[in-house]
Amino acid sequence: MRVVVPLANGVEETEAITIIDVLRRGGVEVTSLSMDESGMDVEGAHKIGLVADASWDDGEVESADMIVLPGGMAGMRTLKADSRVLEALQLFNKAGKFIGAICAAPVVLQEAGIVKGRKVVCYPGMDVNLPDAVFMPGCNVMRDGNLITGTGPATAMEFALAILEMLEGSECRNKTAKGLLFP
């Protein structure tokens with residue numbers, strides 16, 4: 001399985017790193033993609049520097065099995081305004097490929113038009129930006145078919161492990177969780 005994780009300036013670092021790390025520990029090939037045309041360096045929401053593996057245009061997005069969007073308000077706004085991201089989400093959804101978004105990033109799914117009638121969770125208060133979705137309060141992670149969403153930084157590990165289970169099964173998820181000392 002191959003997963004792409006777009007990184008835009010203002011990304012929520014905890015979510016991005018946790019998703020990438022947990023999936024790689026579980027044996028998933030993950031490519032982080034810079035949305036910044038000037039290079040691979042990305043500045044997170046809390047001024048933590050990240051270096052992407054490739055740029056969006058070089059990342060062969062269409063051949064991936066899943067795209068996962070980390071949150072962060074500024075990062076989300078960049079992803080939401082990028083026609084390449086919206087088109088990729090639409091193509092992935094149409095093909096039944098896996099799509100994930102956490103924190104503020106489910107708003108990008110709304111912009112792409114792929115949440116109509118779908119169960120989602122997001123960062124508290126962001127649900128007002130998801131009028132087409134069915135918001136599921138009280139859940140940290142929600143899976144609806146090929147779509148999985150999460151609430152925020154404190155639930156990033158749970159979200160990443162749920163993605164790992166979607167992609168590689170419960171045995172891989174449980175082995176990885178045990179190694180991470182996740183209950």
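1. Cysteine 103 counts as buried because its relative accessibility is 8%; buried means under 20% relative accessible area, exposed over 50% and partly exposed in between (1.4 Å probe, protein chains only). Cysteine 103 lies in the loop between strand E7 (98-102) and helix H4 (106-112). Its phi is near 70°, a positive value in a residue other than glycine.

2. On the basis of the values: this is a predicted model, where local features need pLDDT of at least 70, side-chain atom pairs count only at pLDDT 80 or more, and totals for chains, interfaces and linings use all residues. Residues are numbered from 1 along each chain as its sequence is written, and side-chain values use heavy atoms, with hydrogens and water left out. Helices (H or I, at least four residues) and strands (E, at least two) are DSSP runs, numbered from the N terminus.

3. Lysine 47 also is not a glycine and has a positive phi, of about 65°. It sits in the loop between strand E3 (41-43) and strand E4 (49-51). Lysine 47 counts as exposed because its relative accessibility is 62%.

4. In strand E1 (residues 2-7), six of six residues are buried. In a regular strand the side chains alternate between the two faces of the sheet. Arg2, Val4 and Pro6 are buried on one side of E1, and Val3, Val5 and Leu7 on the other.

5. E1 runs parallel to strand E2 (residues 29-34), joined by six bridges; two strands pair if DSSP finds at least two bridges between them. Leucine 7 stands opposite serine 34 in E2. E1 also pairs with strand E6 (residues 66-69) in the parallel sense, over two bridges. There, isoleucine 67 is the bridge partner of valine 4.
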